[in-house]
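Dear colleague,

Please find the structure below, together with its sequence. My notes on it follow.

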Amino acid sequence: MVDKKIPGKRSDNSGGGKRTARETTVRVKTARERKASSTRWLQRQLNDPYVQEAQRLGYRSRAAFKLLQIDEKINVLRPGLRVVDLGAAPGGWCQVLSDKKMKNIVAIDVLPVDPFPDVDFLQMDFTDDDAPERLKEVMGGNGKADLVLSDMSPNTTGHRQTDHLRMMMLLELAIDFALDVLEPHGNFVAKVFQGGAEAELMALLKKNFKTVKHIKPPASRKESPEQYLCALGFKGTARKDARPEDAGNDGDGEDGDMRPHRDMEL
Ligand SMILES: C[S@@+](CC[C@H](N)C(=O)[O-])C[C@H]1O[C@@H](n2cnc3c(N)ncnc32)[C@H](O)[C@@H]1O
């Protein structure tokens, strides 16, 4: 059986004081046909302990560790829950959900995902008008969920304001969907950038959830502006009349307007 330990955890004996062969820095020579940015990306991948560990454990992406580390803090992955995974490709989070014995896992992405036996996958753009209804059809039952996750991030254009707007649109749609489908006491976790959600969205979340906080899991690269917004304990009846001044501060100093960003970690 494969030992699924999270790299960097104290109980993980693979690191510690000893250097292993895997920790030796791999340098990538610049090839004429490869752009400098691609060489940097390749070098980063080859030297990233989470990439190596994901390969060893058979995870489809290093993102799996982010979800595991977020869960260590908020404990939302409990067996038997109905969960929706927005922006699921290539499927690392789905694997974690499946390992944690979720009852009903529904996932969506514009990109294809190699099938999992226990995941119902919809290949579709979540921004399509009928995506929420299609998802609810796939969810079956009363179209409700206990947990909505979003790791969606748009392809960057290099134009900061455009990228910022696209990210905010995805977040807003994910929040709308969560407010629509979550059962009372349900939870919502979504990727955001820089200072977190904008004040208006924070206000909306604080009106509708008992606790709202931001988490930057260790597997999220320090240089990446990404972090995760965790809205816990859905109050049950969606209220959409929040004003920015209702947002308050969650004490982690990360609330407020989200600054435009360039380097998204996909
Ligand atoms: C960081 S990756 C997700 C990684 C995934 N959580 C995992 O563990 O493998 C972000 C994903 O969001 C998806 N995405 C971005 N915009 C989307 C949209 N409008 N609808 C559906 N998926 C979207 C991308 O295709 C991409 O696969």
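In which loop does Asn75 lie? Asn75 lies in the loop between α3 and β1; here helices (H or I, at least four residues) and strands (E, at least two) are DSSP runs, numbered from the N terminus.

Residues are numbered from 1 along each chain as its sequence is written. The model is predicted, so that local features need pLDDT of at least 70 and side-chain atom pairs count only at pLDDT 80 or more, while totals for chains, interfaces and linings use all residues.

Overall architecture

The secondary structure of the chain consists of 7 helices and 7 strands. Read from the N terminus, the order of the elements is α-α-α-β-α-β-β-α-β-α-β-α-β-β. The chain has 266 residues, of which 37% count as buried. A residue is buried if 20 or more other C-beta atoms lie within 10 Å of its own, exposed if 12 or fewer, and partly exposed in between, with C-beta atoms placed from the backbone. Among the contacts in the chain with a separation of 6 or more, 64% come from residues 24 or more positions apart; two residues are in contact if their C-beta atoms, placed from the backbone, lie within 7 Å.

Surroundings of the ligand

The ligand is surrounded by 24 residues, the closest being Ala63, Gly87, Gly92, Phe126 and Asp151. Two or more residues of the shell are given by each of α3 (63-74), α4 (92-99) and β2 (104-109). By type, the residues of the shell divide into 14 nonpolar, 6 polar and 4 charged. In this division Ala, Val, Leu, Ile, Met, Phe, Trp, Tyr, Cys and Pro count as nonpolar, Asp, Glu, Lys and Arg as charged, and the others, Gly among them, as polar.

Helix packing

The axes of α3 and α4 come within 7 Å and cross at roughly 45 degrees. Axes are lines fitted to C-alpha atoms, for helices over the stretch in contact, and angles run from 0 to 180 degrees between N-to-C directions. The two helices α3 and α4 are therefore oblique to each other; angles under 35 degrees count as roughly parallel, over 145 as roughly antiparallel, 65 to 115 as roughly perpendicular and the rest as oblique. The crossing of α3 past α4 is right-handed. A crossing is left-handed if the near helix is turned anticlockwise from the far one by less than a right angle, and right-handed if clockwise. On the α3 side the contact is made by Ala63, Ala64, Leu67 and Leu68, and on the α4 side by Gly92, Trp93, Gln95 and Val96. The residues of this contact divide into 6 nonpolar, 2 polar and no charged.

Helix α6 (residues 160-181) and helix α7 (residues 199-208) pack at an angle of about 15 degrees, their axes being 11 Å apart. Helices α6 and α7 are therefore roughly parallel to each other, and α6 passes α7 in a left-handed crossing. Leu171, Glu172, Ile175 and Leu179 of α6 meet Leu201, Leu204, Leu205 and Asn208 of α7 in this contact. Its residues divide into 6 nonpolar, 1 polar and 1 charged.

Backbone geometry

Most residues other than glycine have a negative phi, and most peptide bonds are trans. Ala89 and Pro90 are joined by a cis peptide bond, with omega about 0 degrees; Pro90 is found in the loop between β1 (82-86) and α4. Asn75 has a positive phi, near 50 degrees, and is exposed, with 10 other C-beta atoms within 10 Å. His185, in strand β5 (residues 182-193), also has a positive phi, near 75 degrees. His185 is partly exposed, with 13 other C-beta atoms within 10 Å.

Pairs separated in sequence

Pro117 is placed in the loop between β2 and β3 (119-123) and is exposed, with 5 other C-beta atoms within 10 Å. Pro117 and Ser98 are 19 residues apart in sequence and 9.3 Å apart in space, C-alpha to C-alpha. Lys216 lies in the loop between β6 (209-215) and β7 (226-234); its C-alpha atom and that of Tyr228, 12 residues apart along the chain, are separated by 6.2 Å.

With kind regards

Technical notes:
Near = placed C-beta within 6 Å.
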